[in-house]
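Visitor: Could you walk me through this one and tell me what stands behind each label?
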Amino acid sequence: MTPAIQQKVNGADAILKVLIKEGVETVFGYPGGAVLPLYDAIMKYHHKVHHVLVRHEQGAVHAAQGYSRATGKVGVCIVTSGPGATNIITGIADAMMDSTPLVCVIGQVVAPLLGTDAFQEADVIGLTMPITKWNYQITSADEIPEAMAKAFYIARSGRPGPVVLDVSKTAQIQEFDFHYERCNKIRSYVPVQNLRVDKIKEAADLINSANKPYLLFGNGVIISGAEKELQQFVEKTGIPAAWTLLGLSAMDTDHPLNVGMLGMHGNYGPNIKTNECDVLIAVGMRFDDRVTGDVKTYAPQAKVIHIEVDPAEIDKIIKADVAILGDAKKALQKLIEFVKPNKHDEWVNEFKECYKIEHKKVIKKDIYPTKKELTMGEVVRLVAEKVNGDAIAVTDVGQQQMIASRYFKFKQSRSFISSGGLGTMGFGVPAAMGAKLGQPNRQVIAFVGDGGFQMTLQELGTISQYQIGVKIVILNNNYLGMVRQWQQLFFDKRYSFTHLQNPDFIKLAEAYSINARKVTKREDLAGAISEMIDHQGPYLLEVVVEKEDNVFPMVPAGASVSKIILEP
């Protein structure tokens, strides 16, 4: 390794130099007292590191998530101490649940005041320990290079996740001899296990002898860049494949072996066929409760093969007959060598028959409604048709999230960004900002509900200031729709505190100099969508939809996936 050149800099300058060396081009943040030296340094390096000033720290961390998910890079946010730090806790927890690599740089009070309850001091290390891959408090400037090198390595390696650096103001202003070496190894930290060929062969034997094999793929396929290998595997074996919410877009929606979505509001066939397959192959997914329903009745007849990078996920929820620990891309590459070419046409046709049933009872009513009121499904369908499936869809959490995941079409990976494990309302708008800044040449469309939108609507200011060309579609039913649906189905329509008195969203957008339009009639919808997509720059489209439009199919919480409901 070439000896690093040393130079005298302060800690704040050092942080910026590290960001540049790590290839960071965009950061999201909000200044404050404890991080002012770092913000002063940003002024010197703004031509290399683009800083986006958000309107709330939560917007910074969600934007960093969106940026990371759209690009595959580590997202970076910078905030101040105390309330600045606590305001990003939700996003850090969200990133941990969804395996999103982040480095969060948080200012902290000067070192002599640590632990004294100083103004705007919070125990950042204690607060974030359960929701980070690693966190570290920096009190001296000379710690910065090594700590940041570790932070980026840990965030992006193995199963990715968020890392927090709590940087005292003392460390930001101290001078030291700076030199930097990227980290590629940490003692006792093994991010990816070596593949065991005997396990690969054992899995291949099960697959080769299966009559009704079934593959489930999740976010791990996208994280590892295994999309090509996934397609090669299913095409060689003829195995039908279904996706988790965060696995969406890893395979072309219209691929003949892509049979749809798993889970509570997933497709009919992918859910019920789980309990009919004889070999279940899970790739880069963790058997979340929204996928399994009642674990006691989940695929009891099947031999389970689990390909997973994180040892903690093996046997945590569903016991694996064959566990393949390792990177999904490498595991699939090796597995392809040992599986035999095959076709399972009759088995695949069973999924197609299920789809026909679902189309008649659910899908047709959703996307081609005959009733007067507009539906969420038809809005999503028309937007998808307008962009020909070639866009990044970002969602908030709730009914619009499920509808968008069901009816938007995708042709390339990293095209669906949503809050999965934590289910964070308010995620959609700031995440869409980050995605658009990460992929400026792609169309980015945010589907949000009227409830979730109001949790982070202040980021319209960020969108306006930087002219971030996101398209925001508010599906407005004047309710917290998903909660209301549960109240309708399971609480005898006692709509306890789910009705919303909303502001004039169009005037709000106009106040931020963002073009906007409201649609209440079907005959105006297609034209409004075309206007939105064709507009250069940000645009907000509010569509008033049916108030009691529910999302089906539905697996009731805690029920078997075989008990999926197609109609109310």
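Guide: Helices (H or I, at least four residues) and strands (E, at least two) are DSSP runs, numbered from the N terminus. Axes are lines fitted to C-alpha atoms, for helices over the stretch in contact, with angles from 0 to 180 degrees between N-to-C directions. This is a predicted model, where local features need pLDDT of at least 70 and side-chain atom pairs pLDDT 80 or more, while totals for chains, interfaces and linings use all residues. Residues are numbered from 1 along each chain as its sequence is written, and side-chain values use heavy atoms, leaving out hydrogens and water.

Visitor: What is the angle between helix 15 and helix 17?

Guide: About 110°, with the axes of helix 15 (residues 345–367) and helix 17 (residues 399–407) 12 Å apart. Roughly perpendicular covers 65 to 115 degrees (under 35 is roughly parallel, over 145 roughly antiparallel, the rest oblique), so helix 15 is roughly perpendicular to helix 17.

Visitor: Which residues of helix 15 and helix 17 make the contact?

Guide: With contact meaning heavy atoms within 4.5 Å, helix 15 brings Glu 358, Val 362, Ile 363, Asp 366 and Ile 367, and helix 17 brings Ile 403, Arg 406 and Tyr 407.

Visitor: Why is Cys 104 called buried?

Guide: Buried means under 20% relative accessible area (exposed is over 50%, partly exposed in between; 1.4 Å probe, protein chains only). Cys 104 has 0%, so it counts as buried, and Cys 277, at 1%, does too.
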